[in-house]
Each structure stands twice: as C-alpha cells, then as structure tokens.
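The structure to follow is shown here.

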Amino acid sequence: MRDLIEAARYRKKVPQRYVAKKLHMSLSSYQRLITDEENMTPEDALQLSDILDCPTLTMVYCRKQCVIGHRYCYDVLNNVDLSPTAILTKYRMEEREAAEALEVLAELFLNKRDKGDCTEGELTQIGKWAQELLDLEHVIETLKLRLWDFLDVGQLVKEHNQKCFEKRYVDSRKPELSFEEAV
C-alpha cells in the first residue's frame, strides 16, 4: 500500500504534511498509517483515495485488508496494457466469450434450482462457463478504474443507484433481498 500511496502523492504533487492535515492527523500518525505500523480503516482508505485522486487505492485496500474484499475483489492488473483502447478491445473479446457462456449456462440451468439438481459434469461445465463471465467482469472493473482518469465514477454510481430507485427496482419499504427472492 505504501508504494501506491506514495506514487499517488507524488503524482498529485502534495507533501505528506498536506495529506496528514487533510486526514486530520499528525504527520507521524500519517507515516505510521502508510507504513502499516498503524491499522488503516476503510474510512482512511476512502479519504486517502479522495485526497490523492487515486480510486485504485480503495480497491487495493479492499483486496488486501478486508476479509470480504480478499475473497471477492479482483486483483488490480499491473502487467497488461491498461490504455482505454486496450481495455475496450479486451472487453469486446471477453463480451463475445461471455455471450457464448450465457447460451450454454441457460441450457445448463434449465429446470435447476441449486447444485443439488446438477450432475458433477454439469457443475464442472457451470464452473468453466462462469469463469468466462468473471473474465468479463474483471475487465469491466479495470475499465471502471481507468474511467476515474476521466470522470467521477463515484458520482456516476450514485446517479445510477438513484435511477434504479426512481424506476422502482429498489423499494426501501421492502426488506433486503432474501435468498428465496433471489432463486
């Protein structure tokens, strides 16, 4: 985390003292925070991300520090061409593979409610084709990170959530989604 934070700080051209002040902490507390001598909270990671204009920081924090993020967040790609054009080209390729996966999965899931309704061979096939969907999702996450270089993606997500609320896809009067509703 320290290298990412320091690189973002250098790119932003601000001293450590400035970041510490924005975080409402002393310079020494800030230095302990970025060297892992002090535990970083999710709020710290989010604030640092905002101060340094580095959304990747929150993803790396979640991937490395959060139990849920460790399991469900994608690794941040660092050994591929991350230009917007390259990401969109990869998206097109993965989209085609995902479309094929959807066709196969639609047939595999026909008349099935859970894994108890599947044979071992079907579960293997479901896993194989689910990987194609995850490949596409990973590219979308990478694109979302790169979009931060052009737009405030947090605001876009907020607007998207508002749109879902206005279309009544979300009803705050109903309880949270339950397993039975999802099936």
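In this predicted model, helix α4 covers residues 42–52 and helix α5 covers residues 56–65. Two packed helices are described by the angle between their axes and the distance between the axes. Here the axes come within 8 Å and cross at roughly 160°. An angle over 145 degrees counts as roughly antiparallel, and α4 and α5 are therefore roughly antiparallel to each other. Their crossing is right-handed.

Which residues in α4 and α5 meet? From α4 come Pro 42, Ala 45, Leu 46, Leu 48 and Ser 49, while α5 supplies Leu 57, Thr 58 and Tyr 61. Sorted by class, this contact has 6 nonpolar and 2 polar residues, with no charged ones.

Side chains of opposite charge can pair when their charged atoms come close. A search of the whole structure finds 8 salt bridges. One of them joins Arg 32 and Glu 38, with the closest N and O atoms 3.3 Å apart. Arg 32 is partly exposed, at 32% relative accessible area, and Glu 38 is partly exposed too, at 29%.

Another salt bridge links Glu 141 to Lys 144, with 3.5 Å between the closest N and O atoms. These two residues lie 3 residues apart in helix α8 (residues 120–147), so about one helical turn separates them. Glu 141 is partly exposed at 23% relative accessibility, as is Lys 144 at 34%.

Arg 146 forms a salt bridge with Asp 149, and their closest N and O atoms are 2.8 Å apart. Arg 146 counts as partly exposed, at 24% relative accessibility, whereas Asp 149 is exposed, with a relative accessible area of 51%.

Methods:
Residues numbered from 1 in each chain as written. Predicted model: local features only at pLDDT ≥ 70, side-chain atom pairs only at ≥ 80, totals over all residues. Heavy atoms only, no water. Axes fitted to C-alpha atoms, helices over the stretch in contact; angles between N-to-C directions. Helix = DSSP H or I, 4+ residues; strand = E, 2+ residues; numbered from the N terminus. Parallel < 35°, antiparallel > 145°, perpendicular 65-115°, else oblique. Left-handed = near helix turned anticlockwise from the far one by under 90°. Contact = heavy atoms within 4.5 Å. Nonpolar A, V, L, I, M, F, W, Y, C, P; charged D, E, K, R; others polar. Salt bridge = Lys/Arg side-chain N within 4 Å of Asp/Glu carboxyl O. Buried < 20%, exposed > 50% of the residue type's maximum accessible area, 1.4 Å probe, protein only.
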